[in-house]
Amino acid sequence: TVICYPEGNEKMQRNAQFLADYLKTATGKDFSIEAGTEGKNAIVLALGSEVENPESYQLKVTDQGVTITAPTEAGVFYGIQTLLQQLTNGDLRCGTIEDAPRYEWRGYMLDEARHFSGEKRVKQILDLMAYYKMNRFHWHLTDAQGWRIEIKQYPKLATIGGEGCHSDPDTPAQYYTQEQIRDIIAYAKERHIEIIPEIDMPGHATAANKAYPEYSGGGTEEHPEFTFNVGKEETYTYLTNILKEI
């Protein structure tokens, strides 16, 4: 079986490669990919539809092959997920599925400030999101309990602010390097998932203030060093520099 995609379309080529890699893992067999939209015994990925929803798709299975058609590359990707779900259930039966998402924003939130997951686990989550056609990954990277992203201009944010978690304040620093962040973003992009980072301010700043107390605005007895100092001009430069790196 050959997987065909529109010639010259890099995103559709990535869709085809994604499908080939998945099938290789599932079956142990190699599936070649070819530019073009026709072929016998082929899984054809094609663009084109009169449906207004850009993430809609049509999955058509006949005894001659499989065709997935959608208005956008993302729609084709979701059609691929339905094909994979059909294969997981057993036989691939002839018929036509027409599908479109009810909601544009289909999100999942992971709180890594309280408990660090790590790159391998995040990629597993992104795979599951893709399988269920979710498209927004809300990545909670900083809070009072921990700072989980490397900032080169202020390295102690990660190495000191990254110490501890919600259940154990004494765990060694855990955080993502910027290179790991880039790799995860690229991984998500291949699965048509947008990452939205959460960087808390001016409150929920305890971990950051542990690293750089000169920007602390204090807090309460219950939540000490909880805020950045919004009355200090240097704080704005500090936070601007952080957000520029992010």
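Residues are numbered from 1 along each chain as its sequence is written. In this predicted model, local features need pLDDT of at least 70 and side-chain atom pairs count only at pLDDT 80 or more, while totals for chains, interfaces and linings use all residues; side-chain values use heavy atoms, with hydrogens and water left out.

Helices (H or I, at least four residues) and strands (E, at least two) are DSSP runs, numbered from the N terminus. Two strands count as paired if DSSP finds at least two bridges between them. An open sheet is built from 6 strands in the order 2-1-3-5-4-6, with mixed pairing. Strand 2 (33-35) and strand 6 (95-99) stand at its edges. Each has a single partner strand, so one side of each is left without a neighbour in the sheet. Neighbouring strands are turned by 15° against each other on average, direction ignored. Axes for such angles are lines fitted to C-alpha atoms, for helices over the stretch in contact, and angles run from 0 to 180 degrees between N-to-C directions.

Strand 3 (residues 42-47) is joined to strand 5 (residues 65-70) by 6 bridges, and the two run parallel. Within this pair, Ile-43 has Val-66 as its bridge partner. Leu-47 stands opposite Ala-70. Strand 3 also pairs with strand 1 (residues 2-5), in the parallel sense, over 3 bridges. There, Cys-4 is partnered by Val-44. Buried means under 20% relative accessible area, exposed over 50%, and partly exposed in between (1.4 Å probe, protein chains only).

Another open sheet holds 3 strands in the order 7-8-11, with parallel pairing. Its edges are strand 7 (107-111) and strand 11 (194-198). Each edge strand has a single partner, so one side of each lacks a neighbour in the sheet. Strand 7 is joined to strand 8 (residues 136-140) by 5 bridges. Met-109 has His-138 in strand 8 as its bridge partner. Helix 3 (residues 119-131) packs on this sheet and touches strand 7 and strand 8. Contact means heavy atoms within 4.5 Å. The direction of helix 3 makes about 155° with that of strand 8.

The structure holds 12 salt bridges. A salt bridge is a side-chain nitrogen of Lys or Arg within 4 Å of a carboxyl oxygen of Asp or Glu. Glu-10 and Arg-14 form one of them, with the closest N and O atoms 3.4 Å apart. The two residues are 4 apart in helix 1 (residues 10-27), about one helical turn. Glu-10 is exposed at 55% relative accessibility, whereas Arg-14 is partly exposed at 29%.

Lys-123 and Asp-183 meet in a salt bridge at 2.7 Å, N to O. Lys-123 lies in helix 3 and Asp-183 in helix 5 (residues 178-190), so the pair ties together parts 60 residues apart in sequence. Asp-183 is partly exposed, with a relative accessible area of 32%. Asp-127 and Arg-191 form a salt bridge at 2.8 Å, N to O. This pair links helix 3 to the loop between helix 5 and strand 11, 64 residues apart. Asp-127 is partly exposed at 33% relative accessibility, while Arg-191 is buried at 8%. Salt bridges with shared partners join Asp-111, Arg-114 and Asp-143 into one network.
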